[in-house]
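Biologist: I have not looked at this one before. Can you put it up and walk me through it?

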Amino acid sequence: MNNVSNKIKSRREQLNFSQEYIAEHLGISQPAYVKIEKGITKLDFERLIKISEILQIDINELLEKQYIVNNFKNSDSSTAIGMVENLHQENHKTNELLIQTLFSQISDLKEENKRLISIVEKLSSNKK
């Protein structure tokens, strides 16, 4: 289980929300939600935002790396290097996820823009 999954589960339990409740609000099945909490399902940015809204937690708290900084201070150098490498890999994955989500949103917006332009052109030609 990864850190984000742990935080999601912990926050859900803090609020006494059932897995069914969260799944329902996400529009997925309870077994699908369990996979999120277990870190099996990779979250896209939009789903992560929705989860943070349901759990009433700032998305930055779910993604926060402060625990590594605190552990880093009390570690030997080889452990610290490992933590930095892990942090780098997690940040890289998060950035890749954000980039993929943004490209997907841009593509969706371009398609919506084409659709709207088509509608405006049809309306304009009908008025003439």
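Modeller: Start with the largest pocket. Its lining divides into eight nonpolar, seven polar and five charged residues. Keep in mind that this is a predicted model.

Biologist: How many residues line the largest pocket, and which lie nearest its centre?

Modeller: The lining has 20 residues, and those nearest the centre are Asn2, Lys42, Lys93, Thr94 and Leu97. The space in the largest pocket is about 610 Å³.

Biologist: Which elements give two or more residues to that lining?

Modeller: Those are α1 (3-14), α4 (45-54) and α7 (77-127). The most comes from α7, with six residues.

Biologist: New topic, confidence. What is the mean pLDDT of the chain?

Modeller: The mean is 82, and 80% of the residues reach 70 or more.

Biologist: Where is the pLDDT below 50?

Modeller: Over residues 66-71, a stretch with five contacts in the model beyond near neighbours in sequence. Where pLDDT is low, the predicted coordinates should not be read in detail.

Biologist: And aromatics: how many pairs does a search of the whole structure find?

Modeller: One. The ring centres of phenylalanine 17 and tyrosine 21 are 4.6 Å apart, and their planes are at 45°, so the pair is tilted.

Biologist: Is phenylalanine 17 buried or exposed? What about tyrosine 21?

Modeller: Phenylalanine 17 has 18% relative accessibility, so it counts as buried. Tyrosine 21 has a relative accessible area of 33%, so it is partly exposed.

Note on methods: Residues are numbered from 1 along each chain as its sequence is written. This is a predicted model: local features need pLDDT of at least 70, side-chain atom pairs count only at pLDDT 80 or more; totals for chains, interfaces and linings use all residues. Side-chain values use heavy atoms; hydrogens and water are left out. pLDDT is the predictor's confidence in each residue, from 0 to 100. Contact means heavy atoms within 4.5 Å. Rings of Phe, Tyr and Trp (its six-membered ring) pair if their centres lie within 6.5 Å; planes under 30 degrees apart count as stacked, over 60 as edge-to-face and the rest as tilted. Buried means under 20% relative accessible area, exposed over 50%, partly exposed in between (1.4 Å probe, protein chains only). On a 1 Å grid over the protein atoms alone, a cavity is a set of points where a 1.4 Å probe fits but cannot get out, and a pocket is an open set with protein on both sides within 12 Å along at least five of seven lines; lining residues have an atom within 4 Å of a point. Grid points are joined across faces, edges and corners, and a volume is the space filled by probe spheres set on the points. Helices (H or I, at least four residues) and strands (E, at least two) are DSSP runs, numbered from the N terminus. Ala, Val, Leu, Ile, Met, Phe, Trp, Tyr, Cys and Pro count as nonpolar, Asp, Glu, Lys and Arg as charged, and the others, Gly among them, as polar.
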